[in-house]
Amino acid sequence: MEYFIQQLINGLTLGSIYGLVAIGYTMVYGIIGMINFAHGDIFMLGGFAALIVFLILTSFFAGIPVALLLLVMLIVGMLMTGLWNWTIERVAYRPLRGSFRLAPLITAIGMSITLSNFIQVTQGPRNKPIPQLVTDVYHIGAITISLKQLIIVAVTSALLFAFWYIVNKTPLGRAQRATEQDRKMAALLGVDVDRTISVTFVMGAALAAVAGCMYLMYYGVSNFNDGFIPGVKAFTAAVLGGIGSLPGAVLGGLMIGLIESLWSAYFTIAYKDVATFVILAFVLIFKPTGILGRPEVEKV
């Protein structure tokens, strides 16, 4: 029983990271109906931004407190990825917004490859390790819970509540919901649609940066290829939970993390990704909108 609970804890931690990235997918899709396949690489950029900040600060300030170090890594990572995603939206996506539906998808895949190759060329293809920043561990009987796991779950919960509040209780959230329902009508009613979409991209990038920093803190290593597999799994989480739903994105991320952790614990680890996508297929067969998704109503 202790072993099972331990795997649940590990799965919730991994799923929290997937959930943060999945929120970015679901926000962009909810606003403009587009899958930003470069979002996984924005997650990777956030990890590298945190890594560079870590190397700079520890070189000049050897005794800097870990809490302050993590805070600066988060802030700089969010700023850098927000700027990247804002630029991508302005340069690569906005000119194609009125084009045929495949054009933004092709552009998104191209931006993903560009970002991955850019980091590979500038930072090198090898893994970039860092020392363990948070080493505290708590024991409850035979169960082990690390402080970094608690930090990841707490950060995910806080950010989910914050973004739920923004979307549902603020003027920006009303503009986002109006843009989601009908962009033309929202523009006629005074909503700055272009600005709303750009802010949504920046918000999604900020969440991806937090996830990248948490991933770096948890595993202690970063690689230029880190955006692909976690990005695909986060997209899977968004679809599984119900793309367009913020709680659904986090729920999907938690489910993906739990499936991976439990499958790796009780079955061969080589098929953990296969198990994830098989379960996704079954969910979509019997509930195509995802767990918390709502069926789309076609406007006539």
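Tutor: Start with a pair: the side chains of Arg94 and Glu89 meet in a salt bridge, 3.3 Å from N to O. This is a predicted model, in which local features need pLDDT of at least 70 and side-chain atom pairs count only at pLDDT 80 or more, while totals for chains, interfaces and linings use all residues. Residues are numbered from 1 along each chain as its sequence is written, and side-chain values use heavy atoms, with hydrogens and water left out.

Student: What makes the contact of Arg94 and Glu89 a salt bridge?

Tutor: The term requires a side-chain nitrogen of Lys or Arg within 4 Å of a carboxyl oxygen of Asp or Glu. The pair Arg94 and Glu89 has N to O at 3.3 Å, so it meets the rule. By this rule the count comes to 3 salt bridges.

Student: Why is Glu89 called buried, and why is Arg94 called partly exposed?

Tutor: Buried means under 20% relative accessible area, exposed over 50%, and partly exposed in between, with a 1.4 Å probe and protein chains only. Glu89 has 1% relative accessibility, so it counts as buried. Arg94 has 22%, so it counts as partly exposed.

Student: Which residue forms a salt bridge with Lys233?

Tutor: Glu260 does, at 2.7 Å from N to O. That pair links distant parts of the chain, with Lys233 in helix α9 and Glu260 in helix α10, 27 residues apart. Helices here are DSSP runs (H or I, at least four residues), numbered from the N terminus.

Student: What is the distance between Lys272 and Glu260?

Tutor: Their closest N and O atoms are 3.7 Å apart, and they form a salt bridge. Lys272 is in helix α11 and Glu260 in helix α10, 12 residues apart. Lys272 counts as buried because its relative accessibility is 19%, and Glu260 counts as buried because its value is 4%. Salt bridges that share partners join Lys233, Glu260 and Lys272 into one network.

Student: How do you know whether Asn85 is buried or exposed?

Tutor: Asn85, in helix α3, has 1% relative accessibility, so it counts as buried. Leaving aside neighbours within four places in sequence, Asn85 is in contact (heavy atoms within 4.5 Å) with Asn36, Ile42, Phe201 and Ala205.

Student: Why does Val278 count as partly exposed?

Tutor: Val278 is found in helix α11, residues 272-286. Its relative accessibility is 39%, so Val278 counts as partly exposed.

Methods
Helix = DSSP H or I, 4+ residues; strand = E, 2+ residues; numbered from the N terminus.
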